[in-house]
Amino acid sequence: MVLISALLVQAVQMVVVVLLAPLLTGFIRKAKARLLRRRGPSVFQPYRDLLRLLRKDVVLAENASWLFRVVPYLIFAMTWVSAALVPTFATGLMFSWSADLIAIIALLGSARFFLALAGMDVGTSFGGIGSSREVMIATLAEPAMLMIIFTLALVAGSTQLSTIAAFMTSPQVGLRVSLGIALIALTMVAIAENARIPVDNPATHLELTMVHEAMVLEYSGRHLAMIELAASLKLLLYISLIACMFVPWKLATPGAGPDAYLTGMLAYIVKLAVGAAFLALFETQTAKMRVFRVPEFLGAALMLGLLATLLLFVSRSL
């Protein structure tokens with residue numbers, strides 16, 4: 001009975017993240033439209049877009065290889081697994097032993113690698129430009145993310161998300177400057193990884209500025225649906241990471257009753273809504289920067305992550 005309940009909670013976690021991801025994207029679009037005094041599309045529009053894409057036929061270029069056909073499913077699977085490993089409404093889930101920050105970053109890095117390969121597979125100029133820019137962003141975003149992981153590992157003594165979340169709720173944490181700096185750095189990395197303003201504009205198709213959209217221009221039908229759903233999952237993943245590590249309130253503990261799980265689910269939805277509202281407000285108040293300034297933006301995130309790690313070392317040595 002215990003095994004069945006653990007499997008059920010883990011299955012609910014996997015279903016929740018994939019169902020809420022399009023709603024999160026729709027909520028951000030709606031909030032941005034309201035902030036700009038426009039009516040905007042419905043929050044459920046991403047679901048309609050995905051269903052429409054799934055019903056359409058796939059159009060492939062003549063020189064597209066087998067890799068071009070397989071990559072959308074690989075990207076979706078890796079992103080879904082990564083998002084399902086992050087504690088959303090409960091900790092200590094059945095597969096929480098594998099919910100390691102380094103493993104999640106490795107999965108996301110693999111998904112990015114395959115997407116960059118797919119962008120170059122057909123041989124279009126747009127795909128090559130987008131892939132080269134994506135790799136350039138990754139060379140700075142991943143080291144910054146590793147420095148943030150080192151900071152959290154030094155504080156909590158582990159890179160496992162359930163352990164970090166449990167430690168962050170304990171009175172041992174207190175107010176730490178290093179954690180505040182790590183939060184700012186993680187937010188900057190999340191913006192860059194999800195191709196949001198000011199690094200990229202997810203709503204544009206201008207060839208001189210787009211990064212993510214340039215790599216997926218040749219996709220259509222169910223392939224494009226998988227990529228779009230994976231992008232929404234990735235955004236939900238990073239907001240869930242921030243909520244799990246820095247705002248781990250109301251997370252249900254192992255063996256808790258249904259009331260605790262329900263409270264954790266409601267708290268998680270509130271956290272997603274607050275994160276989405278802040279992201280929409282930030283994007284409406286910020287202009288997109290030039291591509292050549294992106295290394296400066298991510299370089300600042302890397303330096304902040306390094307500073308947070310050094311502060312911990314200095315505080316422990318004193």
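1. Glutamate 193 and arginine 112 are both buried, where buried means under 20% relative accessible area, exposed over 50% and partly exposed in between, with a 1.4 Å probe and protein chains only. Their side chains meet in a salt bridge at 2.2 Å, N to O, the term being used for a side-chain nitrogen of Lys or Arg within 4 Å of a carboxyl oxygen of Asp or Glu. Because glutamate 193 lies in helix 7 (residues 177-193) and arginine 112 in helix 4 (residues 101-121), the pair ties together parts that are 81 residues apart in sequence. Helices (H or I, at least four residues) and strands (E, at least two) are DSSP runs numbered from the N terminus.

2. This is a predicted model, in which local features need pLDDT of at least 70 and side-chain atom pairs count only at pLDDT 80 or more, whereas totals for chains, interfaces and linings use all residues. Residues are numbered from 1 along each chain as its sequence is written, and side-chain values use heavy atoms, with hydrogens and water left out.

3. The structure holds 8 salt bridges, and a network of them links Arg112, Glu134, Glu142, Glu193 and Lys234.

4. A salt bridge also joins the side chains of glutamate 283 and arginine 196 (2.8 Å, N to O). Glutamate 283 counts as buried at 3% relative accessibility, and arginine 196 likewise counts as buried, at 10%.

5. Within helix 2 (residues 45-55), aspartate 49 and arginine 52 lie 3 residues apart, about one turn of the helix, and their side chains form a salt bridge at 3.0 Å, N to O. Arginine 52 is partly exposed, with a relative accessible area of 37%.
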